Amino acid sequence: FTIPMLISSYFIPQSMRWLLLKGHKDEAKESMKYVYKTGVNEQFQILSDSLVLAATNTTTPNNDSNSNNSNDNNTKYSIFRHKKAAKVSIGLMILQQMTGKPSLEGLSAIIFQAAGLGKSSSVWMSLYMIANSIVTVFLVDRWGRRVLLQTGNIMQLIALVSIGLAFLFQGTSSMPTVVSKATVFLGMFLYVGGYEIGYGPITWLIVSEVFSLEIRGEATALMVEINFLVNF
């Protein structure tokens with residue numbers, strides 16, 4: 001997969017926001033044409049104005065005589081000046097990894113095998129993940145971020161309890177082997193589905209929304225590092 005990914009990356013246009021921040025206005029407008037078929041000039045002006053406004057808000061000195069203006073300027077791009085946004089984002093990153101889904105995904109073949117299911121179950125689960133991600137795209141603005149997080153949490157809770165009980169009573173008179181296999185299979189799918197409509201995509205969406213424009217790139221990069229650190 002790396003070869004077609006490498007080739008296709010050469011056809012991805014540069015970020016119009018990044019180009020504008022670097023002063024490459026003509027290149028930014030060309031990049032916009034890739035996204036906007038009409039109204040390019042209007043969208044270009046809107047983005048330019050928003051960047052100017054963000055820079056103005058960030059560099060405007062504080063008139064309070066008790067404040068330290070030089071210190072404000074030195075920390076104007078600090079993520080932790082946005083304390084609430086930082087707390088929410090870091091908390092979501094920790095909770096996302098605490099779901100255990102990345103680890104569970106890596107062990108899915110072993111879990112299916114332990115339940116007496118074929119290795120092809122992992123393939124079906126991967127296809128199911130793709131389908132769930134597509135569904136989330138259509139639901140995220142209709143249902144809202146919090147509702148999807150709550151729904152995903154409930155799905156994962158039910159799935160984990162079901163899988164645990166299936167392995168606990170596997171092969172006993174209270175749970176025949178056929179029932180335990182079906183429970184593990186459906187439980188894994190329910191668990192992954194809960195992640196794919198909840199903490200999987202919604203965490204990154206919220207991170208991209210809660211930080212102001214001038215520090216969004218820096219904040220997102222830091223959250224990626226925190227995500228990998230917690231996963232480790």
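This is a predicted model: local features need pLDDT of at least 70, side-chain atom pairs count only at pLDDT 80 or more; totals for chains, interfaces and linings use all residues.
**Helix 10 against helix 12**

The angle between them comes out at about 155°, and roughly antiparallel begins over 145 degrees, so I logged helix 10 and helix 12 as roughly antiparallel to each other. For the record, helix 10 covers residues 145-168 and helix 12 covers residues 199-210. Their axes sit 10 Å apart. I also checked the handedness: helix 10 passes helix 12 in a left-handed crossing.

Helix 10 brings Arg145, Leu148, Leu149, Asn153 and Gln156. Facing them from helix 12 I found Tyr199, Ile202, Leu205, Ile206 and Glu209. Sorted by class, the residues of this contact give six nonpolar, two polar and two charged.

**Helix 6 against helix 12**

Then I turned to the pairing of helix 12 with helix 6. The packing angle here is about 165°, with the axes 10 Å apart. That angle is over 145 degrees, so helix 6 and helix 12 are again put down as roughly antiparallel to each other. Helix 6 passes helix 12 in a left-handed crossing.

I listed who makes this contact. From helix 6 I have Ala85, Val88, Ser89, Leu92, Met93, Leu95 and Gln96. From helix 12 I have Tyr199, Gly200, Thr203, Trp204, Ile206, Val207 and Val210. By class that makes ten nonpolar and four polar residues, with no charged ones.

**Serine 89**

Is serine 89 buried or exposed? I looked it up: its relative accessible area is 0%, and the limit for buried is under 20%, so serine 89 is buried. Serine 89 lies in helix 6, which spans residues 83-98. Leaving out residues up to four places away in sequence, serine 89 touches Val207, Val210, Phe211 and Met223.

**The largest nonpolar core**

Which residues touch the most other members of the largest nonpolar core? I noted Leu104, Ile111, Phe112, Met125, Val184 and Met188, out of 14 residues in that core. At least two residues each come from helix 8 (108-114), helix 9 (120-143), helix 10 and helix 11 (177-197). Helix 11 gives the largest share, five residues.

**Leucine 19**

I went to the other end of the numbering for leucine 19, which is in helix 2 (residues 16-21). Leucine 19 has 6% relative accessibility and therefore counts as buried. Which residues is leucine 19 in contact with, leaving aside its neighbours within four places in sequence? My list reads Gln14, His24, Glu27, Ala28 and Ser31. I also took one distance: the C-alpha atoms of leucine 19 and lysine 29 are separated by 9.1 Å, with the two residues ten apart along the chain.

**Whole chain**

Buried residues make up 31% of the 232 residues. Taking contacts between residues at least 6 apart in sequence, 68% join residues at least 24 apart.

Definitions and conventions. Residues are numbered from 1 along each chain as its sequence is written. Side-chain values use heavy atoms; hydrogens and water are left out. Axes are lines fitted to C-alpha atoms, for helices over the stretch in contact, and angles run from 0 to 180 degrees between N-to-C directions. Helices (H or I, at least four residues) and strands (E, at least two) are DSSP runs, numbered from the N terminus. Angles under 35 degrees count as roughly parallel, over 145 as roughly antiparallel, 65 to 115 as roughly perpendicular and the rest as oblique. A crossing is left-handed if the near helix is turned anticlockwise from the far one by less than a right angle, and right-handed if clockwise. Contact means heavy atoms within 4.5 Å. Ala, Val, Leu, Ile, Met, Phe, Trp, Tyr, Cys and Pro count as nonpolar, Asp, Glu, Lys and Arg as charged, and the others, Gly among them, as polar. A nonpolar core is a set of buried Ala, Val, Leu, Ile, Met, Phe, Trp, Tyr and Cys residues joined through side-chain atoms within 4.5 Å. Buried means under 20% relative accessible area, exposed over 50%, partly exposed in between (1.4 Å probe, protein chains only).
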